[in-house]
Amino acid sequence: MKRILAMLLAAMLVLSLAACGGNSGGTTDGSGDTSGDTGTSGSDSGEKIELNVIISQYGNNTQDWWPTFEQDFEETYDNIDLKIEIVSWNDLYTVVGTRISTQQAPDILNIDTFADYVADDLLVPAEDYTSAELKNKIIPSFWTANELDGTVWALPILASCRALFCNMDLLNEAGVTAAPTTWAEVDAACQAIKDHFGGSIVPWGLDISTDEGQAAFAYYTWNNGGGFVDADGNWALNSAANVEAMNYIKTLIDNGYCNANPYTDTRYPLQDAFNAGSQAMMIGACNMMSADSEVNYEVCDLPTQTGTPVAMGVCDRLMVFDSSITASKNADEAARLDAVSKFFDFFYDTNRYSEYMVFEGFLPVTTDSSDLLATGADQFTVGGSGAPGDNEYFANFSSILLSCDFYPSSRAEWIDVKQGVIEAEQSICQGEDAQTVLDNLQEKIEALQAQNEGQ
């Protein structure tokens with residue numbers, strides 16, 4: 001349990017997806033995976049199968065949606081006793097760690113990370129409980145984002161992605177007629193904003209702080225043909241593409257295109273500035289716009305130096321623990337996994353899952369719900385408000401999801417890589433040689449990898 005204990009100590013440093021609030025919404029019957037099912041799932045002996053599920057709290061009203069789901073599920077499958085518990089992200093890692101250590105783990109857990117559980121042999125491979133129909137409709141990049149050493153260990157529950165937000169009124173007033181798609185166009189647009197507005201409008205929001213500097217590293221390196229790893233999955237932090245990308249970030253700062261303190265400004269004040277109309281452009285999360293903002297904005301692909309834009313995807317996960325440590329202690333493992341499979345098919349039913357995405361304000365990880373919400377989000381309600389879902393919001397961001405890449409967060413060295421690239425960015429932008437800094441980081445991570453593989 002060493003990795004689990006280490007994870008508990010670091011729990012407060014781990015951030016989840018930004019929440020969007022919630023309220024009671026009920027579920028729709030749908031016409032997806034559960035239609036035509038017999039409604040029974042139990043062991044050969046006829047005993048009722050118990051499934052304990054922990055769901056993370058994404059908003060103030062997350063707990064209002066799941067009781068209706070639980071009731072509908074048990075009415076459909078009368079041989080499954082479903083027990084759903086909503087746990088705050090503030091308490092989640094401690095609660096889960098404690099239950100694992102006392103052999104009281106849930107059967108199904110909603111959380112953001114899985115690598116430590118895999119290292120301790122606590123999880124069931126996703127292929128053991130995922131129906132063919134469900135697997136086929138999960139966006140492929142989100143399926144493989146849960147892979148470690150050739151095995152997929154979890155299912156994505158919901159997604160967020162990052163995109164370029166542009167205040168089109170400010171750009172147009174400065175003579176820029178379209179959102180920038182290349183780094184050269186970013187430079188030109190920033191200079192136009194700077195020339196026209198002087199210091200009253202910040203052209204480009206930049207966060208290379210300890211809060212999310214690794215995201216900036218991803219935005220710029222991925223869109224220059226680089227990144228954290230090479231095509232073979234090896235750490236490639238000092239690649240020529242990465243060096244060029246870091247030097248480009250430095251030019252944004254040196255040319256006065258950014259906020260005054262990119263080393264300490266997190267994305268939250270930058271989002272506030274964009275919502276208030278005092279910042280022209282920034283890369284941000286899909287749910288960064290406030291409901292009362294009057295900014296006329298467009299959502300665009302990330303600008304690229306190489307011609308093929310790459311967005312950053314973030315997803316939380318659903319995973320299944322080995323029955324040997326779960327509270328339910330179901331004797332019939334085949335029956336338990338059959339019940340688990342039914343739970344997932346029921347949850348990812350097109351209408352039901354789409355409703356939950358609108359309710360929480362996140363993006364779907366399935367192709368069928370992505371298609372539905374692009375034109376039909378307004379048939380569901382936003383949790384906590386009763387307002388209809390926004391078709392344009394889902395159409396814009398669900399299309400961007402298809403081009404998403406992900407942090408290599410399942411790698412044992414990821415925490416050190418994450419911290420390392422933030423420190424490297426800050427050093428380079430303050431004058432240190434990019435190649436030397438990234439060479440030193442690469443050497444450090446390779447040594448750490450060798451150490452991890454030797455244990």
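Helix 14 covers residues 367-376, and its buried residues are D368, S369, S370, L373 and G376. This is a predicted model.

## Overall chain

The protein chain has 17 helices and 11 strands. Of its 455 residues, 55% are buried. Among contacts with a separation of 6 or more, 76% are between residues 24 or more positions apart.

The chain exposes about 18200 Å², and carbon and sulfur atoms supply 46% of that area.

## Negative surface patch

On the surface, a patch of negative charge brings together E432, D433, D439, E443 and E446. E446 belongs to helix 17, which spans residues 434-454. With a relative accessible area of 42%, E446 is partly exposed, because that value falls between the 20% limit for buried and the 50% limit for exposed.

## Positive phi in two loops

Q103 is not a glycine, yet has a positive phi of about 60°. Q103 sits in the loop between helix 3 (89-101) and strand 3 (108-111). Its relative accessibility is 33%, so Q103 counts as partly exposed.

D121, also not a glycine, has a positive phi of about 60°. D121 is in the loop that runs between helix 4 (115-119) and helix 5. At 66% relative accessibility, D121 counts as exposed, since the cut-off for exposed is over 50%.

Key:
Residues are numbered from 1 along each chain as its sequence is written. This is a predicted model: local features need pLDDT of at least 70, side-chain atom pairs count only at pLDDT 80 or more; totals for chains, interfaces and linings use all residues. Side-chain values use heavy atoms; hydrogens and water are left out. Buried means under 20% relative accessible area, exposed over 50%, partly exposed in between (1.4 Å probe, protein chains only). Helices (H or I, at least four residues) and strands (E, at least two) are DSSP runs, numbered from the N terminus. Patches are made of residues with over 30% relative accessible area and no salt bridge: like charges are joined within 9 Å, nonpolar side chains (Val, Leu, Ile, Met, Phe, Trp, Tyr) within 5 Å. Accessible areas come from the Shrake-Rupley method with a 1.4 Å probe; for residues, only the protein chains shown count as cover. A salt bridge is a side-chain nitrogen of Lys or Arg within 4 Å of a carboxyl oxygen of Asp or Glu. Lys and Arg count as positive and Asp and Glu as negative; His and the chain ends are not counted. The place of a charge is taken as NZ of Lys, CZ of Arg, CG of Asp or CD of Glu. Contact means heavy atoms within 4.5 Å.
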